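Dear colleague,

Here is the structure I said I would pass on, with the sequence beside it. My notes on what was found in it follow below.

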Amino acid sequence: MRLRAIVDTGRRSLHGWFDAPPPEIEAELKIILPNLGRRAEAKPTLDPALFKVAQPCRLPGAWREPGKIRQALLYLDLEAAP
């Protein structure tokens, strides 16, 4: 899966933007990704909403709290899509 961007929410998380995975591996990713990098007793490390087709998560430049915290773009893949 190709990483296209990373957005800092201004709080305690980073949000990665990836190309959509091929449909044939989506079921496997739904099992693996929420549990990636966590201890057995801990909560999932990834937001389950990431599997929504049109999840409008974290946009750079958007205000997290009006006038207080602005989300920032940390990384952007500038290469053309295949």
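Three strands make up an open sheet in the order β2-β1-β5, with antiparallel pairing, where two strands count as paired if DSSP finds at least two bridges between them, and where strands (E, at least two residues) and helices (H or I, at least four) are DSSP runs numbered from the N terminus. The edges of this sheet are β2 (14–18) and β5, each of which pairs on one side only. From one strand to the next the twist averages 20°, the axes being lines fitted to C-alpha atoms, for helices over the stretch in contact, and the angles running from 0 to 180 degrees between N-to-C directions. Strand β1 (residues 3–8) pairs with β5 in the antiparallel sense over four bridges, and A72 in β5 is the bridge partner of D8.

Please keep in mind that this is a predicted model, in which local features need pLDDT of at least 70 and side-chain atom pairs count only at pLDDT 80 or more, while totals for chains, interfaces and linings use all residues. Residues are numbered from 1 along each chain as its sequence is written, and side-chain values use heavy atoms, with hydrogens and water left out.

As for the chain as a whole, its secondary structure comes to one helix and five strands, and the elements run β-β-α-β-β-β from the N terminus on. Of its 82 residues, 16% count as buried, a class that means under 20% relative accessible area, whereas exposed means over 50% and partly exposed lies in between (1.4 Å probe, protein chains only). The chain exposes about 6500 Å², of which carbon and sulfur atoms supply 60%; these areas come from the Shrake-Rupley method with a 1.4 Å probe, and for residues only the protein chains shown count as cover. Among contacts (heavy atoms within 4.5 Å) between residues at least 6 apart in sequence, 45% join residues at least 24 apart.

The salt bridges deserve a paragraph of their own. With a salt bridge taken as a side-chain nitrogen of Lys or Arg within 4 Å of a carboxyl oxygen of Asp or Glu, the count comes to four. One of them joins R2 to D77, with the closest N and O atoms 2.6 Å apart, and this pair links distant parts of the chain, since R2 is in the segment before β1 and D77 in the segment after β5, 75 residues away. R2 is partly exposed at 28% relative accessibility, whereas D77, at 12%, is buried. R2 also meets E79 in a salt bridge (3.4 Å, N to O), and here the two residues are 77 apart, E79 being likewise in the segment after β5; E79 is exposed, with a relative accessible area of 57%.

A further salt bridge runs from R4 to D19, the closest N and O atoms being 2.9 Å apart. R4 lies in strand β1 and D19 in the loop between β2 and α1 (23–32), so the pair ties together parts that are 15 residues apart in sequence. R4 is buried at 13% relative accessible area, while D19 is partly exposed at 28%. Salt bridges that share partners join R2, R4, D19, D77 and E79 into one network.

Finally, L14, L74 and Y75 form a nonpolar patch on the surface, with about 310 Å² of accessible area together. Patches are made of residues with over 30% relative accessible area and no salt bridge, like charges being joined within 9 Å and nonpolar side chains (Val, Leu, Ile, Met, Phe, Trp, Tyr) within 5 Å. L74 lies in strand β5 (residues 72–76) and is exposed, with a relative accessible area of 52%.

Best wishes
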